Amino acid sequence: ATGTRWRFELFSIDFAVGALAIALLAAYTLGTLGSDLSFSDRMLVAGRTNQALGIAAGAAFALGNMLLLAAVSLLGMSVAFPLCIGSAAVVAALFQFRTAQPPWLAAGVALLVCAIILAASAIRLNKSSVLIPAPRPGVRAPDKKTSPWTKGLAVGLISGIVLGCFFPILYRGFRGDFGLGPYAGLLLVTIAVLVSTLVLNLYFMNIAIAGGPIGFSAYFTGLPRQHFLGFAGGATWAIGMLALGLAMAAP
């Protein structure tokens, strides 16, 4: 952490913990009610392939989410979100061409591609507006490094590709007679998100996409407000994912 600035690597840990807390709460309360199988029974009868897909979905989201947060750190939210989420929507749409209505889907994909191009253009315009002073006579110019805009563009596109694969994997793991269902599925996904986030941070904290390298000890230097915002972000996402799972489980 640098001053009061909370790094995305540290925020992602709180995000994963908040999501897992909501998944546990939902599983042991709402997941035990109703005439359908409880979450523990659903976990027992779920196929091994479905369980593997749930874990894969959690790992994919952890990677895509961390890259999204990195892109926000580099580009700002107004540019990073259209770039990442637009790319994710395009990738996810490619899995639906056989079942959806191709003309409408193609029109939507075309609009999304336009949004991505505009976001990339905004990055280029923002980059060109930054004036770099010329070196003084007799002073060697600094070595050229990858600009944060170029790095942010690459990180954002990779994030979109990974997040675009998340929903198709999640759908395959949740649905079917041997599917995980909403409560068991959310619990398994959030466990995978937390474990994957901790493992990925061994890499992200050292390569330092935005900022210098940090250690896990920096996590304990955060302010209560910073931790709370991370927990709240993860909890909000988990509630939305539970609603999505319940919608997919409806007849």
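Why does Phe228 count as exposed? Its relative accessibility is 55%, so Phe228 passes the mark for exposed (over 50% relative accessible area, with buried under 20% and partly exposed in between; 1.4 Å probe, protein chains only).

These legends describe a predicted model, where local features need pLDDT of at least 70, side-chain atom pairs count only at pLDDT 80 or more, and totals for chains, interfaces and linings use all residues. Residues are numbered from 1 along each chain as its sequence is written, and side-chain values use heavy atoms, with hydrogens and water left out.

**View 1. Phe228 and Asp14.** Phe228 belongs to helix H8 (residues 224-249); helices are DSSP runs of H or I, at least four residues, numbered from the N terminus. Though 214 residues separate Phe228 from Asp14 in sequence, their C-alpha atoms are 7.9 Å apart in space.

**View 2. A nonpolar surface patch.** Ile191, Val195, Leu198, Val199, Leu202 and Phe216 make a patch of about 500 Å² (nonpolar side chains joined within 5 Å, each residue with over 30% relative accessible area and no salt bridge). Leu202 sits in helix H7 (residues 181-207) and counts as exposed because its relative accessibility is 53%.

**View 3. The largest pocket.** This pocket holds about 600 Å³ of space (an open set of points on a 1 Å grid where a 1.4 Å probe fits, with protein on both sides within 12 Å along at least five of seven lines; lining residues have an atom within 4 Å of a point). Its lining has 27 residues, and Asn65, Leu68, Leu69, Val72 and Phe81 are the closest to its centre. Elements giving two or more lining residues include helix H3 (48-75), helix H4 (77-94) and H8.

Technical notes. Patches are made of residues with over 30% relative accessible area and no salt bridge: like charges are joined within 9 Å, nonpolar side chains (Val, Leu, Ile, Met, Phe, Trp, Tyr) within 5 Å. Accessible areas come from the Shrake-Rupley method with a 1.4 Å probe; for residues, only the protein chains shown count as cover. A salt bridge is a side-chain nitrogen of Lys or Arg within 4 Å of a carboxyl oxygen of Asp or Glu. Grid points are joined across faces, edges and corners, and a volume is the space filled by probe spheres set on the points.
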